[in-house]
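Have the structure open as you read.

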Amino acid sequence: MIKQAEELQALTDELLHLGEDGEVVYIDQFRRLNQEIREKADLLFLLQSEDIEQEAQVCLSLIMVYSVIAYQLEDKEEKIQVILDRCNKIFVSDFSLSIRCKLLLYCYEQLRDNTLVEEAYHLLHNNTQQYQIDDRKKLLSLYQEIVECKIN
């Protein structure tokens, strides 16, 4: 299940940054990637794990997908709410700080609840030894991207 979640996160990240490298983005490539992400997300959405780390990975993958997917889905809002409910259940547990921080930021993006972004900020700035340097840089970049999006 974690492998599926990580694969979906990678595809979502690819979609999110498509064309940033200066390469031409072809519409069929965009559609294919979007369709592949939707299909994988639909399968992953049905899975739930008793293992907190796995469930956190699944929730992160799904919230990422529904944050960036290009096409409006008729059940998108309902699925987002289910994912947010699943996140609330796992936030009371201990799991990877990196995944927790990402989840907080993507949940914040959906809810605009300042307590979520404040907790993410706290995790990023008070637990610096617990992150790999590259991972922390990516998290700080994601934090800035989401917070700046709120401001703009």
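By class, the lining of the largest pocket holds 6 nonpolar, 3 polar and 6 charged residues. Keep in mind that this is a predicted model.

How big is this pocket? Its volume is about 380 Å³. Altogether 15 residues line the largest pocket, and those nearest its centre are Asp13, Met64, Lys102, Lys138 and Leu142. Which of the elements gives the largest share of the lining? That is α7, with 6 residues.

Now let's turn to the helices. Two packed helices are described by the angle between their axes and the distance between the axes. Here are two pairs to compare:

| Helix pair | Angle | Axis distance |
|---|---|---|
| α1 and α3 | about 25° | 9 Å |
| α5 and α6 (residues 114–126) | about 155° | 8 Å |

Start with the second pair. Angles over 145 degrees count as roughly antiparallel, so α5 and α6 are roughly antiparallel to each other. Their crossing is left-handed. On the α5 side, the contact is made by Leu97, Arg100, Cys101, Leu104, Leu105, Cys107, Tyr108 and Leu111, while α6 brings Asn114, Leu116, Val117, Glu119, Ala120, Leu123 and Leu124. Sorted by class, the residues of this contact are 12 nonpolar, 1 polar and 2 charged.

What about the first pair? Angles under 35 degrees count as roughly parallel, and α1 and α3 are therefore roughly parallel. Here, too, α1 passes α3 in a left-handed crossing. The residues of α1 that meet α3 include Ile2, Ala5, Leu8 and Leu15, and among their partners in α3 are Val58, Leu62, Met64 and Val65. By class, the contact of α1 with α3 has 11 nonpolar, 5 polar and 1 charged residues.

Notes:
Residues are numbered from 1 along each chain as its sequence is written. This is a predicted model: local features need pLDDT of at least 70, side-chain atom pairs count only at pLDDT 80 or more; totals for chains, interfaces and linings use all residues. Side-chain values use heavy atoms; hydrogens and water are left out. On a 1 Å grid over the protein atoms alone, a cavity is a set of points where a 1.4 Å probe fits but cannot get out, and a pocket is an open set with protein on both sides within 12 Å along at least five of seven lines; lining residues have an atom within 4 Å of a point. Grid points are joined across faces, edges and corners, and a volume is the space filled by probe spheres set on the points. Helices (H or I, at least four residues) and strands (E, at least two) are DSSP runs, numbered from the N terminus. Ala, Val, Leu, Ile, Met, Phe, Trp, Tyr, Cys and Pro count as nonpolar, Asp, Glu, Lys and Arg as charged, and the others, Gly among them, as polar. Axes are lines fitted to C-alpha atoms, for helices over the stretch in contact, and angles run from 0 to 180 degrees between N-to-C directions. Angles under 35 degrees count as roughly parallel, over 145 as roughly antiparallel, 65 to 115 as roughly perpendicular and the rest as oblique. A crossing is left-handed if the near helix is turned anticlockwise from the far one by less than a right angle, and right-handed if clockwise. Contact means heavy atoms within 4.5 Å.
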